[in-house]
Structure formats: structure tokens, C-alpha cells
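Please prepare a short briefing on the structure shown below, covering helix packing, the ligand surroundings and the backbone, with the criteria behind each term.

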Amino acid sequence: MEQVLKLPILDLSSPDRSSIANCLRQEELIEQVLDESSKFFSLPLEEKMKLLRKGYRGYTPLFAEKSDPQSTSKGDSKESYSIGPLENMNQWPSQGTLVNVFHIPCKSSTEILPCWRATMESFYSKILSAGKRLLSLVALALNLNEDFFETTGALDRPTAVLRLLHYPAGEFGSSDEEILGASAHSDYGMVTLLICREKSKQPLVWEDVPHINGAFIVNIGDMMERWTNCLLRSTLHRVIPCGQERYSLAFFLDPNEDCVVECIESCCNESSTPRFPPIRSGDYLKERLRLIWGS
Ligand SMILES: O=C(O)CCC(=O)C(=O)O
Ligand SMILES: [Fe+2]
């Protein structure tokens, strides 16, 4: 029998939580982003390869990433395109100019995707403010000031990345090789807001996370787990192929690269001492990304 995980559903649509509520009401925009995303992924491979990932931004082709670096498979059966941050470009020397972030100047892409950049920028700004509001609620839940993640500097030029994901349909592995859409992993940062168009089936040992229209799935990331001394646990998750094409959008809201992530005072005491040494967010992220890309 299929098991579906009963996750708590947080309704943030009360008037005093307007920025999140406004974002969650953007179902039309979300559909547009998914449409624009599918148009991008339907471009010929050579067009997409012109936009190959620089740093973490840009196009990552099929099998180029292993979300679980220990996996012996040839890679995840997904392709992705990562965007962000939109401003303060100098913090990522590899990223180049604003135009390069979107890699749009190639003529055919401009013609095929006239609304692409505007749609992504609009969605990026909205999901960023929703993520920030969500973090203020996390802070309140931890008995901290609402602006805790602002005052630590985490949200001052955060490492916030919108990732468009496409899992093509089809059998990719030989019978003795298990190829997953995304091999098992937890996300690395603070919180991830996830939207998907198709729901994927997980075998019994994993639990199926249902998609609800107009809602995000929220994953706690590893840096949040370190900050809270495991009070908030990061979520191990994966995507298995279900024989159908699948599109999703993941928004990773991670701290400013210079932010030092160390156990929050209210999350440790004499019997629960800090489990992790302080780390600089940028160093931690760089190492985790090096492992999944193998470079
Ligand atoms: O596509 C999904 O549903 C999950 C993607 C994911 O876990 C990731 O990119 O980190
Ligand atoms: Fe993930």
C-alpha cells in the first residue's frame, strides 16, 4: 500500500503575513514559470550547452550532477538551470555581467523565450521575499527575535538560487544500475521552497510527499540544522523516476557567503552542547557543491 507523508500544512494567508500570502497566491505566475522552464528545456542541447553552468549559475545537463556523491550511478537523470542572486553581481566573480546570468543574448533563445527573463525575475523577487518571511517565522518559533536571520547578516545578500529542474521520462539505467532523478541528499542551506508539477512515487521505505497546488514544500537545509543544533533537522529526500516527465522549481535560500553559522545560544545548554563547529557559509556551500559536481 502506498504511504503518503502527512506533513503539517502551514496556512500563511492571514493579513499580517501578507508577503508570504501574496506569494502563495501567485499560482498563475508559478504556472508561467513552469511553462517558460519547459520551453527552455525543450531547446536543442547545443543551445542549452552554450549556457553551461558557470559557478552555480546556468545550465547543468543530464547526468552531470550526483546529489548523493556516494552513489555509484553515472549521475542524476535531470537537467537544471540556476538563477540568482539578481543584484550585487561582484560577489561571484565567475558570474560575469547581469546579461550572462540569464545567458539570454543568444539570438535563438531571445526569440523563443521573449518573456523568460521577466518571468524569472518577477518570480525570483517574490519567492525571495516569501522565503525571508518564512525565516522570520522560523526565528519566532526558536524564541528568537523575528529579525534574527537579518541581524546575523545571513540575509544580507543571501545566496539565494532559483533552480528550474526537468526530469525527462524514460529508462536511463541498465537493469543492474539504479538511476534516480535526484539521488538521496539533504539541501545545504537554510530553507528550500519547492514546487513541482508532477508528483513522484517513492517506494515504501521512503514516504511520498504530496504536492498541493498553491503551496510550497519546505525543506530545512543543513546549515539550519547546524544553527539550531539539530532542533530543526534537515530532510533527506530524493526523486525517483515515475515514467513521466517532471518539472519542478527549487528555491534555495542560503546565507550570505561571509555569514558564520554557529549554534544559536537558545539551542544549546549544558546537556545539549554544540554538535558542530562554526563554519563560514560560503566555504561550506562551496565544498558541498564541489562534491555533487565532482569539480
Ligand atoms: O525536484 C524535486 O522535487 C527535488 C529537487 C531537489 O531536491 C534539489 O534540487 O535539491
Ligand atoms: Fe534537494
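**Packing of two helices**

In this predicted model, L29, I30, Q32, V33, E36, S37 and F40 of α2 meet W116, T119, M120, S122, F123 and K126 of α6, where contact means heavy atoms within 4.5 Å. By class, that contact has 7 nonpolar, 4 polar and 2 charged residues, with Ala, Val, Leu, Ile, Met, Phe, Trp, Tyr, Cys and Pro counted as nonpolar, Asp, Glu, Lys and Arg as charged, and the others, Gly among them, as polar.

- Helix α2 (residues 27-41) and helix α6 (residues 116-141) pack at an angle of about 135 degrees with their axes 10 Å apart, the axes being lines fitted to C-alpha atoms over the stretch in contact, and angles running from 0 to 180 degrees between N-to-C directions.
- The two helices, α2 and α6, are therefore oblique to each other (under 35 degrees counts as roughly parallel, over 145 as roughly antiparallel, 65 to 115 as roughly perpendicular and the rest as oblique).
- Helices (H or I, at least four residues) and strands (E, at least two) are DSSP runs, numbered from the N terminus.

- Around ligand 1 are R163, L165, Y167, H185, D187, L194, H237, V239, R246, S248 and F252, each with a heavy atom within 4 Å of the ligand.

**Backbone features**

- The peptide bond from G84 to P85 is cis, with omega near -15 degrees, and P85 lies in the loop between β2 (79-83) and α4 (98-102).
- R157, although not a glycine, has a positive phi of about 50 degrees, and R157 is located in the loop between α7 (148-151) and β3 (159-167).

**Conventions**

- Local features need pLDDT of at least 70 and side-chain atom pairs count only at pLDDT 80 or more, while totals for chains, interfaces and linings use all residues.
- Residues are numbered from 1 along each chain as its sequence is written, chains are lettered from A and ligands numbered from 1 in the order in which they are written, and side-chain values use heavy atoms, leaving out hydrogens and water.
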